[in-house]
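Reader: I would like to learn how to read a few features of a protein model. Please take them one at a time.

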Amino acid sequence: MWYKAVFVAICVCMSQAGKPLPPYIKPCSRFDPNINQCALEHGKEAIPHLVKGDPAYKIPPLDPFDIKEVKIIDDGPSAASISVTLTDSKIYGIRNIRMEKAEINLDQQHHRFELSVPLVQIIGQYEMSGRILLLPIAGKGNINLTLDHVYVVYNQYWKLAARDGETYMKRHNTTATATPENVHIHITNLFNGNKLLGDQMNIFLNENWKDAFKELSPTIFRAFSEVINSLVHALMAVIPFDNIYPEKVPS
């Protein structure tokens, strides 16, 4: 029954083989002298497909994007420390994201993408305590952060790792920053539901939104990282390096 053993071996190899790129993502040759422009053009073409999600690659829908929990504790000076936790939140607006710039450095194993999105809303549950703009703040309830004309910079460092006879990119370190042109903040149930104090705090935060955003930005940056990481990691986990950056792109 040697043929059964061969058949089983073939099936195992096929099940472990890495996936090709999705048909809506075109590869860039690792030797392309214009690899940044190639990545930018192909990224622009792929984004409308990626934001819809792709079950075959375990890519979730990105608009709205579900965030189970994001927790940030700023242990700065006591006058500025704040703890913020977002739970059961959604990010809206990613469907309109546009890639503005791509930098691919394979020698340094680094990707840098700059993206823009006209409007982003982060809506969900929050728990917050500490100080913001030197004022005490505490509450647990609903939060709505609306960001206008956001410019996102995403940096990713990765390492190559062998698996099942293929070489894959493994995420090593990632960061994301977001710079909006305007921010609107609405937080409910502040100060144990004291409406007067809560309303005054919301007015104060919106009047001073630039400074407020700086103090809330670690939470917002983490939320953007969650979105992009979910996409990038899903692809890198199943698509070998040689399929993403082949020596030569088929004509």
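This is a predicted model: local features need pLDDT of at least 70, side-chain atom pairs count only at pLDDT 80 or more; totals for chains, interfaces and linings use all residues.

Reader: How many disulfides does the structure hold?

Author: A disulfide is a pair of cysteine sulfur atoms within 2.5 Å. The structure holds one; C28 and C38 are the partners, with an S to S distance of 2.1 Å. The angle about the S-S bond is -95 degrees, and the link is left-handed.

Reader: Which parts does the pair C28 and C38 tie together?

Author: Helices (H or I, at least four residues) and strands (E, at least two) are DSSP runs, numbered from the N terminus. C28 lies in the loop between α1 (2-16) and α2 (35-50) and C38 in helix α2, so the link ties parts that are ten residues apart in sequence.

Reader: Is C28 buried or exposed?

Author: Buried means under 20% relative accessible area, exposed over 50%, and partly exposed in between (1.4 Å probe, protein chains only). C28 has 5% and is buried; C38, at 11%, is buried too.

Reader: Which residues of the largest nonpolar core touch the most other members?

Author: A nonpolar core is a set of buried Ala, Val, Leu, Ile, Met, Phe, Trp, Tyr and Cys residues joined through side-chain atoms within 4.5 Å. The largest one here has 72 residues, and I91, L147 and F224 touch the most other members. Helix α4 (residues 209-238) gives the largest share of this core, 14 residues.

Reader: Where is H110, and what does its side chain join?

Author: H110 is in strand β4 (residues 110-132) and is buried, with a relative accessible area of 11%. A polar contact is a pair of N or O atoms within 3.5 Å; within protein, one must be able to donate a hydrogen and the other to accept it, and residues adjacent in sequence count only if both atoms are side-chain atoms. The side chains of H110 and N155 make one of 2.9 Å.

Reader: Where does V153 lie?

Author: V153 lies in strand β5 (residues 135-163). V153 is buried, at 14% relative accessible area.

How values were computed. Residues are numbered from 1 along each chain as its sequence is written. Side-chain values use heavy atoms; hydrogens and water are left out.
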